[in-house]
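Here's a quick briefing to read alongside your model. Have the sequence and the 3D view open as you go.

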Amino acid sequence: MQNKGLITVFAILFGLVSLYQLSFTYIANKVEDDAKVFADSKFPADQPEERDIAELRYLDSLAKEPVFLGIDYKTAKEKELNKGLDLKGGINVILQISVKDILRGLANNSKDAAFNQALANATELQKSSQDTYLESFFEAFEALPGDNRLASQNIFFNKNLEGEIEASMTNDQVKTKIEDKIDEAITSAFEVLRKRIDKFGVTQPNIQRLGKSARILVELPGAKDIERTKNLLQSTAQLEFWEVYKSEEMSGFIIQAEQVVKDLTVAETPEEEVQDTTATEDDEINELLKGEDAEEAEIATEKDNPIQSKMISGGFQGSPILATFALKDTAVINSYLRMPQVRALLPADQRNTKFVWGKPEYNDAVLEEVTGLYALKVGRDGEPPLGGAVVVDAQQSYDQVGRVAVDMQMNGRGAKIWEEMTGKAFNTQSQIAIVLDDIVYSAPGVTSGPISGGRSSITGDFTITEGQDLANVLRAGKLPASAEIIQGEVVGPTLGQEAIDSGIFSFVLALAFVLLWMIFYYGKAGLFADVALVVNILFIFGILAGLGAVLTLPGIAGIVLTIGISVDANVLIFERIREELAKGKAQKDAIKDGFNNALSSILDANITTGLTGLILLVFGTGPIKGFATTLLIGILTSLFTAIFITRLFIDSYTKNGKPLPCSTSFTKNLFKNVNINFLGKRKIAYVISGILILISLGSLFTVGLNQGVDFVGGRTYTVRFDKDVDAPKIQEELIAVYGSAEAKTYGGDNQLKITTKYKVDDSGAEVDEEIERMLYEGLKSHLPSDMTYADFTADSEGKEVGRMEYYKVSPTIADDIKKSSFWAVLGSLIVVFLYILLRFRRWQFSLGAVTAVFHDVLIVLGIFSLTYKIMPFNMEIDQSFIAAILTVIGYSLNDTVVVFDRIREYFNEHSSWKMNRVINAALNSTLSRTLNTSMTTLIVLLCIFFLGAESIRGLIFALIVGVLVGTYSSLFIATPVMYDTVKKKGIDLTDKKKEVKTEE
């Protein structure tokens, strides 16, 4: 090997750089462990919030203190190996910015019938379309009857788009302008979210816009307060300042509204049928009558006073609060106030009044949350006198009595309007409501004259954290439209730590087995391969840390799979060296020729696997990208270590003539002189495969697959109990709650994976909380008696019982995932077909390889279809399964390409042999490598399957089936199909004019 010195220096430098990159992870973990010990020593386990605060303060105090080699904690944290949600816990969401809201804003909230009909039709189109909302809107608008123009003064030719849209523009010209405006708005939303997240205090956040869509991916590993995080992401931060009516100004309206609602309710109530009942026990009758009397009295009160009966207290003179109601009754009161007959009671100058609610507060007297009703003075244009756009700075502070507040500073324009508003409020002794996202936070009066300078303050029942978050979102600015979580995943820190522990254990065990096996099978040569393998793993982790890549659970699976790939390259080399030694060549020549002859197979096998990994990287999301990243890095480092590092050790050891047989006394004659007639058995293999494929297709068409929420939408919860539970029984109970639910054992018998499609088309924080509360109520009898809803949903470290993980996918994005998965699989097949065609110059080779791949994929799908109802682990078809299918494709091709490479070589070496003899000999010569690689890969996968995390068990099972079927198909499907098509066409692969027949 040439340039040994250069390769040695490069390998040493590469190793040192990798160690340096990983040192940041070591330093960060050490400091965090010390911080945890410090916090645990200060506070007991039942004070998790205090522990978290103490831990953060400890870390802040050491942020810039040198810890090791002059590296401080802050620097180490920024450069450490990033861990994904499944290893660290946290939240991962895809936000859909409402293009519908942006269009309404651009059209100045137009009431144009065609415009609003197009919006409604676009919403319907989105349920079955893969187009963006804007494309659906344009399609819906064009489909409307009549000559509808986007440049109409009732739509986009308005003051909002003055200078952008002209009345003379065609629809196509307007579309271009609107596309640009939508893109600007989404970019603005991205920047607003980025600013909010930067101030949130989460290390290593990831926020990215997904292509040109209105979707934004946000990953916050380590985020513990999930509800706070959701509010931060979804809050539009629509800050408004409104004049309000006093209680006495609206009291007459409330009284009149009550009478109207009463009359309407009575008119709509059907006459009740009276039924005679007879009871046998006097005490039963008395008890029932008591209950009926109380219930009838309550109903009568609500009928006579539908509004006042729900009041906790009325408003008092001079107060902006019209009345106080229980939070649970606000929906009913809203429905009354929206009635056209009730709105008609408002005098002309109050006709545009907007009723809003205050920030809910807990009332000790009624033992529930209550909120006040306000009436805002709204003009004909519906716009507030002052909006949040004028706020240039906001800080959390305290008011005169020590309550948490948020101080705001306005720009010059805002300061002027604020002075006018406060002056008017002072003169009329009225109040100004400070409204954020349609919730009144405070409505203070002005007691000392107009307020100049543009300073204002928001007060309310805030915690310090809520005050800081509010100041943060006000500084970052408002979102241009509402943001909806269409896909979300929440992983508790307990599951993350368990995943790390199981991942490390399975990784170490698999590595130990491979290292020992290589020594057992190849002796000292295997030891050299082991050193190269350890160096390979060091390089992988070093590159991941250096690139700032995220290590996920599937990523660990990818690294473990890389061990198999690395072993395969060494196995190919050692088997070739053994063959050359068997031919009687000198050891030096055998080593040289062995490496040279194996190089072609190694490159072909790794390129085909790499192509599927590349497609995974392009089409995958989240953890699947992590899997693809580690797989691709592993392929590159495996090539380098196998071809160069192993060669360095072997050349150094043998340079003085020391023998290196690449075998041991146990394996010296293993697979020697094997002569299996593979082609002679191909018809039997065709029949067996045909039966398996027919069974698989039959099951796929009749039973189908267990599609996960990735493909159909829905919500999935991982719930852990303090005792073993009966999954079918809980499933029945949850079906009674949701109407549709599935509960399956997930890991131990005390843990379930619960999936429901209840309100699958609805999203928003309120719906998510409603469904989670229903889950808690449905499971309450199986949970510890003292567990509250807050305990059930908390995401604290060390949590042992409750909701451990949550995953949500809306139907819209589920369709997109399904589509991208289809293209990923199809794309990988096309790419591989073309590569093999380019490499082997015969379409028959490509046909054989792709036939084997189809065969493998169908059987894997069939097994999942046949067994998902009886297997004790999750076998849902999701993104991880697609990653497994693509990996199976890569592995199957890996085997097939190695065989094809040997066949091509044998045709050139043995041009006088008949075709079937050449092919059989090639298959037999690669049998040792095929079985060796398959066995080591299988053992590695079995380690992960039995000892790894539950969440990737389905993925690993698919890989195990794929390795078994792929090994079989490379021997009995791919090559025989190639042979039969070549034989039928009469093509001579040696490019000779004739064959010389010899005896087999």
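Buried means under 20% relative accessible area, exposed means over 50%, and partly exposed is in between (1.4 Å probe, protein chains only). Keep in mind that this is a predicted model, where local features need pLDDT of at least 70, side-chain atom pairs count only at pLDDT 80 or more, and totals for chains, interfaces and linings use all residues. Residues are numbered from 1 along each chain as its sequence is written, and side-chain values use heavy atoms, with hydrogens and water left out.

**Cysteines**
- Cysteine 662 is buried, at a relative accessible area of 1%.
- Cysteine 943 is buried too, with a value of 11%.
- Counting pairs of cysteine sulfur atoms within 2.5 Å as disulfides, you get zero disulfides here.

**Alanine 415**
- You'll find alanine 415 in helix α14, which covers residues 412–428; helices (H or I, at least four residues) and strands (E, at least two) are DSSP runs, numbered from the N terminus.
- Alanine 415 is buried, with a relative accessible area of 13%.
- Leaving out residues up to four places away in sequence, alanine 415 touches Met410, Gly453 and Gly454 (contact means heavy atoms within 4.5 Å).
- Serine 452 sits 37 residues from alanine 415 along the chain, yet their C-alpha atoms are separated by 6.5 Å.

**The whole chain**
- There are 31 helices and 24 strands in the chain.
- Of the chain's 1000 residues, 52% are buried.
- Take the contacts between residues at least 6 apart in sequence: 74% of them join residues at least 24 apart.
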